[in-house]
Amino acid sequence: MADVNLNRLSVFVALVRAGSFTAAADVLGMTKAMVSQHIARLESELGVTLLSRSTRRMTLTEAGATFHAACVRILAEAEAAIAQVGQGQEKPSGTLRLTATGDYGTVVVAPALAAFLRVHPDIQADLVLTDHMSDLIAERFDMAIRMGWLRDSNLRSARLGSFRQLMVASPDYLARRGTPRVITDLASHDWVALALLATPLRWTFTAPDGSRRTVRMRPVAQANNVTATHALVQHGAGVSVLPDYLVTDDIREGRLVVLMAQYSLPDCGIYAVYPGRQPPAKVRAFIDHMRATVAAQG
């Protein structure tokens, strides 16, 4: 059976439906001889006779009738599968499996996803939060929400927006250690480092006049994810740089204070990353939803 050319099944079904080699050739857009050749090779590959032929008519053998019924079912299932895939490209449906970082996934992606599911009742979600770089293909993710700067890869991406990096500390820490006024003051303050970064202790700030200053910080603690770094800073461990989406409420309610706002750090991108050239409708729809969510927060 491994040697059977499955394309011949459609020729066989078309022949039976048409009732003759000549009529089948017209339907299939091939010569009568080619139709006859396909059927002969199919019989040879199967090792059975499918048709009894005479000068005036052709009839199915017992094996041919059984095989024909199976072929009709197989082709119908194939057509249904193709239609279902096509529908998936046009209408958002099925399970959306996505991954994001623990901090952004909790604060932004999960609430956005909940709103998205209310609008698209035919979609179910599987959200995986992790701070390691997931292999989307190996781990069967439809997409990922990634922050910062993208690495080179074979994946496609869509920019959703950006976030600001803010240097912050708690009022309690500042009451104990004083408030840094100029960039050089930072070297003597307690720094809470985010270990995930390539250079967690070296930061380059841009002044209002466009000049740049790089400072090496003195660590008092480090954490391996943004949420833990945020908690350490919030509870007075020291100074750190945190994303705006995580500290906006803290700043507004006085739990954290922005330091030296006149100096800036580079904005970081927010991206949807996905495998394949043409993502399904559920992915395209969530990208649009996330882009609107990020824009509304900006």
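Helices here are DSSP runs of H or I with at least four residues, strands are runs of E with at least two, and both are numbered from the N terminus. The model is a predicted one, in which local features need pLDDT of at least 70 and side-chain atom pairs count only at pLDDT 80 or more, while totals for chains, interfaces and linings use all residues. Residues are numbered from 1 along each chain as its sequence is written, and side-chain values use heavy atoms, with hydrogens and water left out.

The partner helix α9 covers residues 281-297, and its axis lies 10 Å from that of α5 at an angle of about 120°. Axes are lines fitted to C-alpha atoms, for helices over the stretch in contact, and angles run from 0 to 180 degrees between N-to-C directions. The two helices α5 and α9 are therefore oblique to each other; angles under 35 degrees count as roughly parallel, over 145 as roughly antiparallel, 65 to 115 as roughly perpendicular and the rest as oblique. From α5, the residues Y104, V108, V109, A112, L113, A115 and F116 meet K282, A285, F286, H289, M290, T293, V294 and Q297 of α9, where contact means heavy atoms within 4.5 Å. By class, this contact of α5 with α9 has eleven nonpolar, three polar and one charged residues. In this scheme Ala, Val, Leu, Ile, Met, Phe, Trp, Tyr, Cys and Pro count as nonpolar, Asp, Glu, Lys and Arg as charged, and the others, Gly among them, as polar.

A115 and H289 are 174 residues apart in sequence, yet their C-alpha atoms are 9.0 Å apart in space. With a relative accessibility of 22%, A115 counts as partly exposed; buried means under 20% relative accessible area, exposed over 50%, and partly exposed in between, for a 1.4 Å probe and protein chains only.

The buried residues of α8 are D244, Y245, L246, V247 and D250. They pack against α5, β5, β6 (156-163), β7 (165-169), α7 (226-234) and β12 (240-243). After α8 comes G254, with a positive phi near 85°.

V11, A14, L15 and A18 of α1 make the contact with F21, A23, A24 and L28 of α2. The residues of this contact divide into eight nonpolar, no polar and no charged.

Helix α1 packs against helix α3 (residues 32-46) too, at an angle of about 115° and with the axes 9 Å apart. Here α1 passes α3 in a left-handed crossing. R8, L9, V11, F12 and L15 in α1 meet V35, H38, I39, R41, L42 and E45 in α3. Seven nonpolar, one polar and three charged residues make up this contact of α1 with α3.

Within α1, L9 is buried, having a relative accessible area of 6%. Not counting residues up to four places away in sequence, L9 touches L42, F67, C71 and L75. L9 and I74 are 65 residues apart in sequence, with 9.0 Å between their C-alpha atoms.

T61, in the loop between β2 (58-60) and α4 (62-90), is buried at a relative accessible area of 17%. Leaving aside its neighbours within four places in sequence, T61 is in contact with T49, L50, L51 and S52. R140 belongs to the loop between β4 (123-129) and β5 (143-148), and its phi is near 60°, a positive value in a residue other than glycine. M260, in the loop between β13 (257-258) and β14 (268-274), likewise has a positive phi, near 45°. R140 is exposed, with a relative accessible area of 69%, whereas M260 counts as buried at 8% relative accessibility.

On the scale of the whole chain, the domain assignment gives domain 1 (6-86), domain 2 (94-163 + 269-296) and domain 3 (165-264), with bounds that come from an automatic or database domain assignment. The C-alpha centres of domain 1 and domain 2 lie 46 Å apart.

Definitions and conventions: Left-handed = near helix turned anticlockwise from the far one by under 90°.
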